[in-house]
Amino acid sequence: MKQYFSEIYTGGKSLVEGLGVTFKALFQPIVTVQYPREEIDITPNYRGHIDLVLDPEKNTFLCISCGMCEKACPSDCIKIKGEKLEGEKKKTLVLFELDFTKCSLCGACVESCPKDALEFSQEYNLAAFSREAFHFDILKRLEERRT
Amino acid sequence: METISILPPELIRMLIAVIIIISFLFLNAIMMGYLERKIAAHVQRRPGPMEVGFHGILQLIVDGVKLLGKELLIPFKVDRTLFRVAPLLSFTPVILPLLVIPFSEKLQARDLNLGLIFIVSMGSVNVMALLVAGWGSNNKYAMFGAMRAVAQSIAFEIPILLSMLAVVLMCNTFSLKEIVGAQEKIWFVFLQPLAFLIYVIAGVAETNRAPFDLPEAESELTAGFHTEYSGMGFSLFFIGEYTNMFIVASVAAVLFLGGWHGPHLPYGEYLGIVWFFLKVYFLLFLMIMIRWTYPRVRFDQLLNFAWKYLVPFSFVNILITAVLVKL
Amino acid sequence: MLESDFQKKNRFFLNMGPQHPSTHGVLLIVLEMSGEYVLDPQPVLGFIHRMHEKMAESRPCQSFMPNTARMDYVCALPYNHGYVSLVERKAGIEVPRRAEYIRVITSELNRVASHLLWLGAYLLDLGAFTPILYGFDDREHILDILEDITGSRLTYCYYRFGGVNQDIDDKFVDSTRAFIKRLRKRFVIYEKLVTKNIIFIKRTENIGIVSPDMALRYGMTGPNLRGSGIAYDVRKNEPYSIYPEFDFEVPVGEQGDCLDRYMVRVREMEQSLRIIEQALDRLPEGPVRAKVPKNIKLSPGDCNFAVEAARGELSYYLVGDGTGVPYRLKVRVPSYSNLSCLPELGRGILLPDLVSILGSFDLVIPEMDR
Amino acid sequence: MAQETTNFKQDILFHEFNATETDYNQRGYHLEVALEVNQVRKFAQKAYDQGFFLVFVTGFHVLPEETEEGTTSGLNGVYQFARFDRLYRIKGQVSVPEDMSLPSICDIYQGADWHERETRDLYGINFEGHPNLKPLLLSDEDTDFHPLLKEEKKLKSLEKVSWPPEALESVDADTDAKASSTDSIDS
């Protein structure tokens, strides 16, 4: 009998305390943001998909098309091609494609690059209607940034 | 009366009242839906609906339009008649109790001298709708929900009635208007705190609200009795639930919180409705807060709670009340 | 009680899942029921089986790193940790101390994040809506902290053979300390809102009691085992990394019911915070990544490495053949063994109790299916 | 922290089975037990009586070998056990005979139920005495598809994927027990 009443007391008290927590929260400021209207700055260390580094002096890429990133990629999503252009000793990058549908953002390519020619982009708003939209032409993206 | 007119004035009065009440039902569901979402959001420290209208105030209207536009899916092998009747059955009986509730001294569709009993009996029809919905859906989860609803309703009807009886004992009438009239000096909540508490707890259970929302327990039964309903079928249940909440809260306001009584207002016999609504929505606010705070009780615990705690306490309460009234 | 003729005749099957709110993913449990009593719950796995073990056999061991994070996405860093430590043990790579400190700090942060998410999800199973958003609020801070150094929020690929990918800075240390302070305050709220709540206690006390013998027969590990009173924690029993240097307790329960499992996890969060604090205090200077050969050769022979993930003992078992590609990699995941006791545990209980038990096991379905 | 007190050689498991003590820091387990098919159940029973729990059951596929009794199937069953109370991990390995069947231990360790079903999925090893050997991770239609069986040209012989025998002799449990590979490093 004593237990019966003490249970009512402790139980009731715990319920009131719980209500107190939510009631207090009701008047506390909101912690979320309304996403498309407000945006939080993302950290500079964010790892988006890869991009070619733009060398500010030469205004071109640093890539020497050695193919290390292609080899390092666990999912074979990088495809690069270098060609020897006329009058140049080394190969020049002519194709750099990233199949983002397979990419797991592990960063192995960036680490493997001997010239530090790759970086992570800061883009996270990636949505599209087709798979093909995620076959990025990284070289073209660099060209766009150049102009 | 000696002259039989085609439309007696009483009938016209009732018709107008019903129309007002039905339109109020929808308005109440929209308001409650908005309130629930906003309060839940702020309890969880997020803004809630913000897009449609100022602070998302029109969100529920847009949602209603969406629900109207949705296809009424009728699953394979359901009992078609029962499946279609159930939402109506949940929606229609909730109109009737509102006819006898005194919103203010002069705003009452019909003052039945057995008003309280009328409300209780109409309220019990609601569980029929849940049973029919669960039975007709050809879904085991829905069936579970329906069965739980019936057991729960039977268990909690008794403490509700007993707590009401304590008030009736004090003022010797079942007419809601007279009960409110008896509270002019002091509200019954101060004389009958235990009955009030029992009524509120049992009322939350009667309306199938969390923590007693077993018939629709979404983490156990996906959506309980309305698992298979879509579009307007679902929203009729939804409106029915909110109206039930409103009825339970307004009966509480009438029985315990002094109905339309409050500080003096001009045209008090009509504007008493302001106090009435404030009391009702305060109780509804409390019910919403409770929903967003507690976990759900288990089925047998719920029945245990009703039979081992609420019923004995309400008997004791009635006994004490009877003795004191006699003195 | 369950063997009456009526109930024998009126048995039926109920498919709980693969799309059910409280199976936390695509898990199907076929319930043989009588009324609301569950007579025989049989889990059906494999809806998201991806054959990680085959992937491991078909690529160099470095390339398997991203996969490890995708088994248990809620608590990915211990999975990283186990795998890098396994290869380091096999190839005899030595890890700088600072790197080990960073690994421990981030792993423990991830464990706290996992437990916070579990706490919310469990309460959601029991029908309380609000705790999950409070849990998310706190967890979001951890994810922000981890994102700042690892670059991702959920499926981390941060550890490397011989160290970590990126060094931590003062900002990380400060924000971690601030977070620890904040979470300690928040524990008070959780206690008021959840732990003391009478409805919560009634829903978890004496439900789903796992006896120590049963835990042993099914090979349960982690908080689920510790709830039964056995203080088995890989961090203590089979010390790896620099865990022996820290002072922390292994919380255990008493009788192995859902409430004990809950309490163990809550107290484990506090212990994790202690470990993080100690590690931050003693954080040594130095390199974070040792020089390792570009193509790591896995010498012939097998090797095992066990770590304590948020859900229990995670064992990697590797068979090398002298090349850089593992000949065989077995991943022993904790949830798999933990759930396997459900058919025995869930016999003759009510459906809401089954939901309560499932939630208290802290299941991550992709981890079980691999 | 390491439990130097455990003398693995005095263990009953060591005496009754063909067990070898191994270097924990190198391999991550203490005892390697080479089992015969008919010893599996006895071994599991002994391990259970001693208070070990089952970590996992799995297999791996090597080149089939010619022995006196005939060709082996090339499959190996691997059982790992550990203890809750102290650091002690054992590995049992058994060569699966040509009829691709092993005795089931799921009545001794109920937890082995799922591990054996999984091993059947991935390798096609038939566990005799298992009450419910249905596909677990793979779909029900895939009863004959065993993804972890390797192609002929990728198979290696058992010696090539085992520790060289001389490694066993260099074990010095007393001196190495404390210094694990990770915490002996100087910063």
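Colleague: Leaving aside neighbours within four places in sequence, which residues is B:Pro93 in contact with?

Modeller: In this predicted model, B:Pro93 is in contact with B:Met122, B:Val125 and B:Asn126 once those neighbours are set aside.

Colleague: And where does B:Pro93 sit in chain B?

Modeller: B:Pro93 is in the loop between helix 3 (80–91) and helix 4 (95–99) of chain B.

Colleague: Is B:Pro93 buried or exposed?

Modeller: Buried. B:Pro93 has 20 other C-beta atoms within 10 Å, and a residue counts as buried at 20 or more.

Colleague: What separates the C-alpha atoms of B:Pro93 and B:Phe190?

Modeller: Those C-alpha atoms are separated by 32 Å, and the two residues are 97 apart along the chain.

Colleague: OK, zooming out. How many helices and strands does chain B have?

Modeller: Chain B has 13 helices and zero strands.

Colleague: What's the radius of gyration of chain B, and what would a compact globule have?

Modeller: Chain B comes out at 20 Å, which agrees with the value near 20 Å for a compact globule with 327 residues. Taken along the principal axes, the box filled by the C-alpha atoms of chain B is roughly 60 × 55 × 50 Å.

Colleague: What share of the residues in chain B is buried?

Modeller: Buried residues make up 48% of the 327 in chain B. As for contacts in chain B with a separation of 6 or more, 79% of them are between residues 24 or more positions apart.

Colleague: Switching to the assembly. Which chains share the most contacts?

Modeller: Chains C and D do, out of four pairs of chains in contact. On that interface, 50 residues of chain C are in contact with 37 residues of chain D.

Colleague: Which element supplies the largest share of the side of chain C that touches chain D?

Modeller: Strand 6 of chain C, with five residues. Other elements of chain C also supply at least two residues each, including helix 4 (76–91), helix 5 and strand 7 (312–320).

Colleague: How do the residues on that side of chain C divide by class?

Modeller: The side of chain C that touches chain D has 20 nonpolar, 13 polar and 17 charged residues.

Colleague: Back to strand 6 of chain C, then. How many of its residues are buried?

Modeller: Nine of the nine, so strand 6 of chain C is largely enclosed by the rest of the structure. Both of its faces are covered: C:Gly301, C:Cys303, C:Phe305, C:Val307 and C:Ala309 are buried on one side, and C:Asp302, C:Asn304, C:Ala306 and C:Glu308 on the other.

Colleague: How many bridges pair strand 6 of chain C with strand 7 of chain C?

Modeller: Nine bridges, in the antiparallel sense. The two strands form a hairpin with two residues between them. As an example of the pairing, C:Asp302 has C:Val319 in strand 7 of chain C as its bridge partner.

Colleague: What about the open sheet in chain C, in what order do its strands come?

Modeller: Four strands of chain C form that sheet, in the order 1-2-3-9, with antiparallel pairing. Strand 1 (12–16) and strand 9 (349–350) of chain C are the edge strands, each pairing on one side only. Five bridges join strand 1 of chain C to strand 2 (residues 28–34) of chain C, and C:Asn15 has C:Val30 as its bridge partner in strand 2.

Colleague: And helix 5 of chain C, how far apart are its end C-alpha atoms?

Modeller: They're 42 Å apart, which agrees with the 42 Å that its 29 residues (97–125) should span at 1.5 Å a residue. 28 of the 29 residues are buried, so helix 5 of chain C is largely enclosed by the rest of the structure. Helix 5 of chain C is followed by C:Gly127, which has a positive phi near 105°.

Colleague: Now chain A. How many of its residues are in contact with chain C?

Modeller: 20 residues of chain A are in contact with 20 residues of chain C. On the chain A side, helix 1 (residues 2–26) gives the largest share, eight residues. By class, that side of chain A has nine nonpolar, nine polar and two charged residues.

Colleague: Last one: how far apart are the nearest C-alpha atoms of chain A and chain D?

Modeller: 19 Å, and chain A and chain D do not touch. No contact joins chain B and chain D either, with their closest C-alpha atoms 25 Å apart.

Definitions and conventions
Residues numbered from 1 in each chain as written. Chains lettered and ligands numbered in written order. Predicted model: local features only at pLDDT ≥ 70, side-chain atom pairs only at ≥ 80, totals over all residues. Expected span 1.5 Å × (residues − 1). Buried ≥ 20, exposed ≤ 12 C-beta atoms within 10 Å, placed from the backbone. Contact = placed C-beta atoms within 7 Å. Nonpolar A, V, L, I, M, F, W, Y, C, P; charged D, E, K, R; others polar. Rg over C-alpha atoms; globule rule 2.2 N^0.38 Å. Pairing = 2+ DSSP bridges.
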